[in-house]
Structures are given as C-alpha cells and as structure tokens.
Amino acid sequence: MTKTTVSFALARFVFISCLALAVIITSLVVYHVVESVNTEYEKIASREINTLSNNYRVFIKHHSILLKEQGAAATFVQALMQPQSNLGKIQDYMAGLSLLGKKYDETLLDFEGSILHSTSSSAIKYQNFPWIKRLLAAEIESSIQVLSIQGQFYWCIAVPIIYNQLVEGVLLTNIPLAEINARQVDVEVLDGLMIEVVKEGQTLATFGKKSLGTKQVIAWQNAGVSFDFTIDEAYRNDALSKLVIQLVSLIILAIVFTTLLAYFYGYRYFVKPILALSQLTSSLEMGNEPQALQEDLRFKEFSALFKQFNHMSEKVAKREQALKQSYEKLSNTIEELKQSESQLVQSEKMASIGVLAAGVAHEINNPIGFIRSNLEVLEDYFSDVEKHYHEFTETLVSDTDKENHKKLAKKYELEFLFKDSIPLIKSSILGADRVTEIVKSLKTFARVDQPDKALIDINEGLKATLSMVHNELKYCCNVHVDLQPLRHIHGFPGKLNQVFMNLLINAGQAITDKGDIYIRSFIEGSNIVIQIEDTGSGIEAENLTQIFTPFYTSKPIGEGTGLGLSISHQIIEEHEGKITVKSEFGKGSCFTVSLPIK
C-alpha cells in the first residue's frame, strides 16, 4: 500500500471535494450570471437609450430657447415694422448670429410668412407649411420640424416674434440632422448600439455601427420623427462568453489556492487570522471605527503584522479625522470666497455703470442747454413777427390792400401759424426741461462713491432712483411717495441708491398684473427709516429667513442671481443700519431700512 502524508491526503480530499462542488456551483452560477447579465444589460441599454433621447431633447430645447431669445431682440421687431429702412441692418445683424457658439442658417419671415431675409441660399416657401400658419396665428409658441433641403435633412426650429402681444413674424433656423448626435460628447454611448432617425418609414440618418438585434423605438410626435435604437446581440453574446470564461477561470484558481492553503497551514493557524484581518480592512474601507486585532497569536509573523496593522489603523483614523476637519474648513473658505467674488463682481458692475451713466448725463446736458436757449430765442422771434403782422395790417388804408393782405394771410395760414407756433415752442421748452431733470436725476443716481463717506440726503437718492426705475414700474404699478424732511447723514450715496433700486425692482416684479408701491421716509428716534411696500405676491413664511442668503432666489432659473438682497443687506450693515421685512403671502411685502443719525 502506498503511504502518504496527512497533509497530502487532506489536500487531495479538499481538492476533490472542491472540484465536485465547483462543477455544481459553476453550472448554477453560470446560469444565474447569464440571466442576471442579460437582465442588467437590458436595463443599462434602456437607461442609456433614455439618456440619449433626453439629451437629444435637451439639445433641441436649448437651441429653441436661444433662438427665442434672439427673436426677442429689438432689431428683429424694427425690421418687421419697417423692413425697407432696416433691411441692411437686419442683414448685418443676422450675419453675426450663432447658437451655442456655432453658426447655422437662419431665416426671418414677415407676418405673411414671406422671407424677409435668410442667411441660406436655398429658397423655401415656408408660408405653405401649416405649422408656419399656426405660429403666425399665435396657436403655438414654437415648432420643431424635419425638412429636406437640397437632398439634406435638417431640424427646423421656429419661434414667433411678438410685439405688443401680436405675432409680427417668425424666426427659424435649420440645423443639420446629424448635429444632434455630434454634440453628445459627454454621453458614454453603448458599444454595439445603432441609432436611426426615421420619418414616415424613411431612414433620414444613422448613427453608430450597423447592428442586428433588439430594437427600441422612441417617437417624437411634435417633430413627426422617431428614434430607432438597435442593440447588437452579437456584442452581448461575446461579452457573456468572456464573462463565463473569466468566472470559470477564477473558480479553478480558487480551488487550487484553497488546496495549497489546506496542505501547508490549515484553517486554524492561517485562514482564520487572515479572515479577521480581511474583515477589519473591509470595515475600515466602509468608514467604520477601527477595532484592535488580537496580537497574542501562535505565529510571530502574524503577531508582528497585527501589531503593525493596529498601529497603522490608529494613524489612519487620526489622519482621516484631521483630513475631514481640513476639508470642512477648506469648503467653508471656498464658499466664502465664491460669495465675496460674486458680490465684488456685482459691485464693480454697479460702479462701472455709474461712471458710464455720469459721463452720458454730462454729454447730454450741454446740447439740451443750448436747445432750450434757442427755443426761447425762437419764441421771441415769433412774437416779434406776430406783432409786425398785426401792426402792418393796421397801417393798410385802402380796401384793396387790406383784401389782398387778407388773401395772402389766408393762403399761408398766418393766423394759424401765429396761434399754434407759440404753444409748440413752449411744449418743446417743457420737454427740454424734462430731459434736464432726468439728466440731473441720472447724475445724482450714478454718483461714483469716494473711499470715504460723504454727507448725503436720503430723499434726494430716493427721488433719483425713482426716476431711474420709472420705466420699469409705470406699466404695472401706481407709485405713492411720502418723503418727510430728513437730516443729512454720512454714507456712500451710490451704494445706498443700489439698495433702493434693488428693493424697488423687486417690488415691481412681485406685482403680476396691477398694484401699488408705497415709498415712505421719516425719522424715528435716532434713525432715518425708509419703507418700500408693495401689494404683490408676497413671500411664504418658510422662505423669509432665507431671502438675505447669498444665491437664494425664488425666481425661475436664469431670471435671478440671488445676490440683490444679500448685497443690499451687506451695504446697510456697512452703514451700521439694519434691513427687515414683513410679508404676507398673496398680499404683499414691506421692506424697512433703518440708518442711524450721527
């Protein structure tokens, strides 16, 4: 009988047992893996297909929004109102237009659907399309179509140009069909995925390699097209084959490794300590608190290793804690820097606008002055001419001369001229005085702040700011002003005017249809109090504590930065004052600014 060692017998038993078990487990695991992979692959493919479809929709939506913003430009409205005089201007303007940094063919249609100007050389009769008629009739807000132009297919995005709530024309752009996929560089497209754009059974464009397999169809009803996504089954089968081979290889290696462990050391003195170490490592990897391993082991190597591991885990825990604290400090510092940077940029913008407005006001003031002076002189001239006419009429003696003189006066309507000219001149003088008053308010509002505070009149700043925002408020608000006599205080006039402007514009934007804004100033104790109250939509109670937080805004995305009230709060604190708000949702808000008198 051939003799063998216990270690070899144990290893042979373990090997045979593991091999038999591996065959059974491998069969079950392979079946389960194939089913699981097929299921997961279908989920991943569906998710990627939905992601691609959503990105395509976002691509069209972004271009549609940008085209709508371009259509709101005053240049297009002027061109549609007076096409002959503005044709050259609209040609130059459209030559420089681009969407997301790329130029596409754009066309401007008038209210009949005829082409007013186009950057494309192709002549298309857009007025024959039903969707153009619906846009001109204000039945739809925008349109997305697929057109064939000279054998090529394009996404045609069209938006109406509205003036005084009437559709005056249509602005549209033609984007090559394949451009919708060329821009998806940030999407990881599945290998073996073919995408087809189909319209009425005709394939317009194909993206990706030719594939045969499962097909999913996503229809775009508004554009009349569908996206057919075909998943290559050969690619998936190859991937499954590779996965099964890898799985079998790993199982065989595991059997060999387990046999060697059983042969050399056994479970008690080798596997158990390693498992303990592995479990603790996994626990540390998941972020759990470190636990000490038992260092009193039979083998010196394991004992020394566990001691070193315990020492290392303590150091790692301390360093991780220190890193978390440093990260929190760094995050807070970065957030503060972002807020400071945004507020600094806003302040610099206001300062630049102030310098520009002051210069413009100075340049306007001089010509308005001599225009008014010339009108006054012209008024005196007409008065002298009228006096001469009447005195000359009285000097005529003969009836013939009087009759001839009367006919000439009637022919040239001298009586009407003398009657109408003086009121016209006086009206022009009043207009010039109005411009002078606006320029004065502009110079007061746009005063550039000096490094030191100056003695200022709060009422003067309120009046100047009201003149500046008058155009924003006159269509939706009735402004009621009650300014009591105030003492002059030291402050930065430009910054305080910025606060008043932010509060007035916010009050106007809170009124959706028609409402009232009340502006009051008075002295209360040792403070000057300014109140700006509106009858707008108000602020919800849970949002009142956040309105002065930087970057917080209740407006839709793209309509507000969330810095107006934050900067205003900082400016009032810089003047050692305070700003508070009372609001009732649906009824209005009242902002109160208190500035100390020193």
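In β2, Leu109 has Ile115 as its bridge partner, and in β5 its bridge partner is Val170. That puts us at strand β1 (residues 105-109), where four of the five residues are buried, so the strand is largely enclosed by the rest of the structure. Buried here means under 20% relative accessible area, with exposed over 50% and partly exposed in between (1.4 Å probe, protein chains only). In the hairpin of β1 and β2, with five residues between the strands, Gly113 takes a positive phi near 90°.

This is a predicted model, where local features need pLDDT of at least 70 and side-chain atom pairs count only at pLDDT 80 or more, while totals for chains, interfaces and linings use all residues. Residues are numbered from 1 along each chain as its sequence is written, and side-chain values use heavy atoms, leaving out hydrogens and water.

Here are some of the strand pairings. Strands pair if DSSP finds at least two bridges between them; strands (E, at least two residues) and helices (H or I, at least four) are DSSP runs numbered from the N terminus.

| Strand pair | Bridges | Sense |
|---|---|---|
| β1 and β5 (residues 166-176) | five bridges | antiparallel |
| β1 and β2 (residues 115-118) | three bridges | antiparallel |
| β6 (residues 193-199) and β9 (residues 225-232) | six bridges | antiparallel |
| β6 and β7 | five bridges | antiparallel |

Now for the open sheet: its four strands run in the order β7-β6-β9-β8, with antiparallel pairing. β7 (202-207) and β8 (213-220) sit at the edges with a single partner strand each, so one side of each has no neighbour in the sheet. On average, neighbouring strands of this sheet are turned by 25° against each other, direction ignored; the axes are lines fitted to C-alpha atoms, and angles run from 0 to 180 degrees between N-to-C directions. Val198 stands opposite Ser226 in β9, and its bridge partner in β7 is Thr203. Glu200 takes a positive phi near 50° in the β6 and β7 hairpin, which has two residues between the strands.

On to the helices. α12 (residues 493-510) has 18 residues, which at 1.5 Å a residue should span 26 Å, and its end C-alpha atoms are 26 Å apart, in agreement; the expected span is 1.5 Å times one less than the number of residues. α12 is mostly covered, with 14 of its 18 residues buried. Over in helix α6 sits Leu260, which counts as partly exposed at 44% relative accessibility.
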